Amino acid sequence: MTVVFVHGVPETDEVWDGLRARLRGDPVALRLPGFGSPRPEGFTSTKDEYVSWLEGELRAFDGPVDLVGHDWGALLVARVASRGVVGLRSWAVDVASVLDRDYIWHDAARLWQTPGAGEAWATQTLEVSDLGSPLGVAGQLRAAGVADEHARVMGRSFDETMASSILALYRSATPNPFAHWGADLTSVTSAPGLVLHPTHDPYDGGPASEVAAALGARFCPLEGLGHWWMLQDPGAGAAALEEFWANPER
């Protein structure tokens, strides 16, 4: 059994460190191109390019994997699961509400999607080198609920490549992911799925349980946790995943 984690935006694979440390075996956390790692030549950071990249990474593993995604990583995982071109043992995601037909992007996403305003945000944020400043990306992560120690770790990887990747990724998903992928976001029969729903996640306040049902996935509330549930209580996250993996077909 190989477990593979996919992070979100504006994050790096370190977001999974605490949870991975609580799991048996040697779980893998991938790092999205452009997020503290180089982008392949010609890679323009659209959502479909990231899906193709993720499918390529998964083919390198020996046998089906248990795939887990958070934030944008969750959207990519759901898309990979729905396409069914790569063998998965199971899949698990959060922010399922973002896949709803009527989802409206949050304020930061709409800023990044706006030509001119997104570039201004990138320029202003890149000018801040002090990880303690509220104006840098570490400060923005803190303001969104990430503990200082984790915000500083991920903030160190923010550079021009990450900034441009964020803008391109979000601009490839207007008005929302369903508008592009909705036809395929039906019950996934290729592998069992799990929708994790942190009950205090402001980015996942919509019909997550309905999306889970549409995808044919099990629904698991994480009571009292927010968007960065894996940082707030990695033990609870690990327990929920291990319970699912012990009997994914149930």
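Let's start at W105, which is buried, with a relative accessible area of 5% (buried means under 20%, exposed over 50% and partly exposed in between, using a 1.4 Å probe and protein chains only). The ring centres of W105 and Y170 are 5.2 Å apart and the planes sit at 70 degrees, so this pair is edge-to-face. Rings of Phe, Tyr and Trp (its six-membered ring) pair if their centres lie within 6.5 Å, with planes under 30 degrees apart called stacked, over 60 edge-to-face and the rest tilted. The pair ties together distant parts of the chain: W105 is in the loop between β4 (88–93) and α4 (107–113), while Y170 is 65 residues away in helix α8 (residues 160–171). Helices (H or I, at least four residues) and strands (E, at least two) are DSSP runs, numbered from the N terminus. Like W105, Y170 is buried.

Before going on, keep in mind that this is a predicted model, where local features need pLDDT of at least 70 and side-chain atom pairs count only at pLDDT 80 or more, while totals for chains, interfaces and linings use all residues. Residues are numbered from 1 along each chain as its sequence is written, and side-chain values use heavy atoms, with hydrogens and water left out.

Back to the rings. The structure holds 11 aromatic pairs. In one of them, Y103 and W105 have ring centres 5.3 Å apart and planes at 85 degrees, so that pair is edge-to-face. Y103 counts as buried too, at 13% relative accessibility. Zoom out and you'll find W72, Y103, W105, W112, W121, F158 and Y170 in one aromatic cluster.

Now for the helices. Two packed helices are described by the angle between their axes and the distance between the axes. Helix α5 (residues 117–126) packs on α8 at about 155 degrees, with the axes 10 Å apart; axes are lines fitted to C-alpha atoms, for helices over the stretch in contact, and angles run from 0 to 180 degrees between N-to-C directions. That makes α5 roughly antiparallel to α8 (under 35 degrees is roughly parallel, over 145 roughly antiparallel, 65 to 115 roughly perpendicular and the rest oblique). On the α5 side, the contact is made by G118, E119, W121, A122 and L126, and on the α8 side by E160, A163, I166, L167 and R171, where contact means heavy atoms within 4.5 Å.

The α2 and α3 pair has its axes 10 Å apart as well, but the angle is about 70 degrees. That makes α2 roughly perpendicular to α3. Here K47, Y50, V51, L54, E55 and L58 of α2 meet W72, L76, V77, R79, V80 and R83 of α3.

Most residues other than glycine have a negative phi, and most peptide bonds are trans. S45, however, has a positive phi near 65 degrees; S45 is in the loop between β2 (28–30) and α2 (47–59) and is buried, at a relative accessible area of 0%. D71 has a positive phi near 60 degrees, lies in the loop between β3 (65–69) and α3 (72–83), and counts as buried at 10% relative accessibility. As for cis peptide bonds, one joins V9 and P10, with omega about -5 degrees, and P10 is in the loop between β1 (2–6) and α1 (17–20). Another joins T174 and P175, with omega about 0 degrees, and P175 is in the loop between α8 and α9 (177–181).
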